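Here's a quick tour of one chain, going from the overall picture to a single residue. Have a look at the model first.

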Amino acid sequence: DGLLYQLTWKENKGFIYDPVDLSLQGTFTYATEGWGLTTDGSSLILSDGSANLYFINPQTMQTTRVLPVTKDGAPLEKLNELEYIRGEIYANIWFQDIIVRIDPQSGEVLGVIDCSMLREGEDAPLPKDVLNGIAYDAATDRLFITGKNWSWIYEVSLEKAKTP
């Protein structure tokens, strides 16, 4: 609804801003840590480092659904930064150089994006400087990836893996 939302990591408090002038419009609380936040257009979707995603009604700020995320039938922990892209939830996995594509209905991982090549070269981020930034520009269908203390923001295009 044209608002900007911000999470705190451990304080269980969120902020709502007007995106034009960044004036504070309100605050809200949530019961878990705040690791990542995105929207599917009707709900806010929050990650807390666990294997769960929390769907939040932006009018009431109440959790309406908890989605367990699984990969090959097992819970996938450390869901971090989130982005909603073309009907899927993208999440990086903390301390891994991967982004997973999640079905927002079943919670099953649909695919894995290997971002390890972004660590190559002289300017490679240190292992502690984790992959931690996913942004999507829907108007131009562009995906951007970065991380903590990274010198670069990468514009990435994705291709389906080729089978032998």
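Predicted model: local features only at pLDDT ≥ 70, side-chain atom pairs only at ≥ 80, totals over all residues.

A residue is called buried when its relative accessible area is under 20%, exposed when over 50%, and partly exposed in between (1.4 Å probe, protein chains only). Residues are numbered from 1 along each chain as its sequence is written, and side-chain values use heavy atoms, with hydrogens and water left out.

As for secondary structure, the chain has 16 strands and zero helices; strands are DSSP runs of E with at least two residues, helices runs of H or I with at least four, numbered from the N terminus.

Some whole-chain values:

| Property of the chain | Value |
|---|---|
| Accessible surface (Shrake-Rupley, 1.4 Å probe) | about 9,700 Å² |
| Part of that surface from carbon and sulfur atoms | 52% |

Now for contacts, meaning heavy atoms within 4.5 Å. Among those between residues at least 6 apart in sequence, 34% join residues at least 24 apart.

Let's zoom in on Glu88, which sits in strand β11 (residues 88–93). Is Glu88 buried or exposed? Glu88 counts as buried because its relative accessible area is 15%. Leaving aside residues up to four places away in sequence, Glu88 touches Glu83, Arg101, Ile102, Pro104 and Leu110.
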